[in-house]
Amino acid sequence: MGQFDGKVALVTGASGGIGRAIASDLSAQGAIVIGTDRDGADINGDLMDAGFCDVLPRQIHEQTGRLDILVNNAGIITRGKITEASDDDLRRSLAINVEAPFRLCRAAIPLMAAQGGGAIVNTASCWGVHPGPDHPIYVMTKAAVASLTQCLGRDHANKGIRVNAVCPNEVNTPMIRTGFEIRGFDPDKAIAELNASVPLGRIAEPEDIADVVTFLASDQARYICGALVEVNGGKPVG
Ligand SMILES: NC(=O)c1ccc[n+]([C@@H]2O[C@H](COP(=O)([O-])OP(=O)(O)OC[C@H]3O[C@@H](n4cnc5c(N)ncnc54)[C@H](O)[C@@H]3O)[C@@H](O)[C@H]2O)c1
């Protein structure tokens, strides 16, 4: 018996580092998980496509009869100062990191309300709560996700819908590893150096974040609404 037996979960970014761990965790605990990503997922699609986001929750509800958990995990990181940012950087980050979660929440909430409740977990970032240097586009999109979480957590609690966010600091995933590669660093060496900057002695692995997402989606978090849960190994944003 799993704690999510009979529940249906939609996870975005399910082919990525953290998304794969979330999907596997929820599924191991009994949920029927539908993962979405650009490719390699149960339902492939582009979150920049507004129409895709608008219909996805209903499509899953029609297929399975339910939608209990929505995890807005997909995201991209745009690095560099504002003076280096292109219109396309801005448009893509806003569309994937902010507009897609907005559209998916807007479509999922009435379905969850009609069935008596549900749980939404958004992946924000510590950087969305405490702005870090030289990533203004990423930081402002994650701040928007954090704010959306707090707003929806308050507005829809009376329908039994809990909306919360996990806010990781650095996690060992393709997002961070490809960032090192692009800048000409060996990712293993760079991560070893980063590990030394974390009071707990290492950056997070995807499972460290997935465990918190699973908790927030579960009945154990039944009284938590609109929370931004920082998962940072003791490392402040510097
Ligand atoms: N890795 C970190 O250090 C870190 C830290 C804080 C927050 N986060 C957040 O965690 C989340 C997951 O990141 P990750 O580290 O697993 O990165 P990742 O790159 O491994 O996974 C992100 C996934 O999102 C998908 N995605 C991106 N654009 C998409 C689009 N247009 N349509 C459909 N899918 C799309 C990608 O294909 C990818 O599979 C992101 O929201 C990220 O901002 C990551």
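Start with the ligand. Domain 1 (8-169 + 206-230) and domain 2 (170-203) both give residues to the shell around it, so the ligand lies between them. Keep in mind that this is a predicted model.

**Stop 1: the ligand shell**

Select the residues around the ligand. There are 26 of them, and G13, G16, G75, T173 and M175 come nearest. Now colour by element. Helix 1 (17-28) and helix 6 (174-182) are the elements that give two or more residues to this shell. Colour by class next. The shell has 12 nonpolar residues, 10 polar ones and 4 charged ones.

**Stop 2: helix 1**

Select 17-28, which is helix 1. How far apart are its end C-alpha atoms? They are 17 Å apart. At 1.5 Å a residue, the 12 residues of helix 1 should span 16 Å, so the two values agree.

Is helix 1 mostly covered or mostly open? It is mostly covered, with 9 of its 12 residues buried. Pick out the buried ones: G17, I18, G19, R20, A21, I22, A23, D25 and L26.

Step past the end of the helix. G30 follows helix 1, and its phi is positive, near 105 degrees.

**Stop 3: I120**

Is I120 buried or exposed? I120 is buried, because 27 other C-beta atoms lie within 10 Å, and 20 or more count as buried.

Show its contacts. Leaving aside residues up to four places away in sequence, I120 touches L70, C105, A108, L152, I161 and V163. The C-alpha atoms of I120 and N164 are separated by 6.4 Å, though the two residues are 44 residues apart along the chain.

**Stop 4: the whole protein**

Zoom out. The protein has 8 helices and 7 strands. Its radius of gyration is 17 Å, close to the 18 Å that the globule rule gives for 238 residues, so the protein is as compact as a globular protein of that length. Along its principal axes the C-alpha trace spans about 50 × 40 × 35 Å.

Colour by burial. Of the 238 residues, 43% count as buried. Residues 24 or more positions apart account for 72% of them.

Note on methods:
Residues numbered from 1 in each chain as written. Predicted model: local features only at pLDDT ≥ 70, side-chain atom pairs only at ≥ 80, totals over all residues. Near = placed C-beta within 6 Å. Helix = DSSP H or I, 4+ residues; strand = E, 2+ residues; numbered from the N terminus. Nonpolar A, V, L, I, M, F, W, Y, C, P; charged D, E, K, R; others polar. Domains from an automatic or database assignment. Expected span 1.5 Å × (residues − 1). Rg over C-alpha atoms; globule rule 2.2 N^0.38 Å. Contact = placed C-beta atoms within 7 Å.
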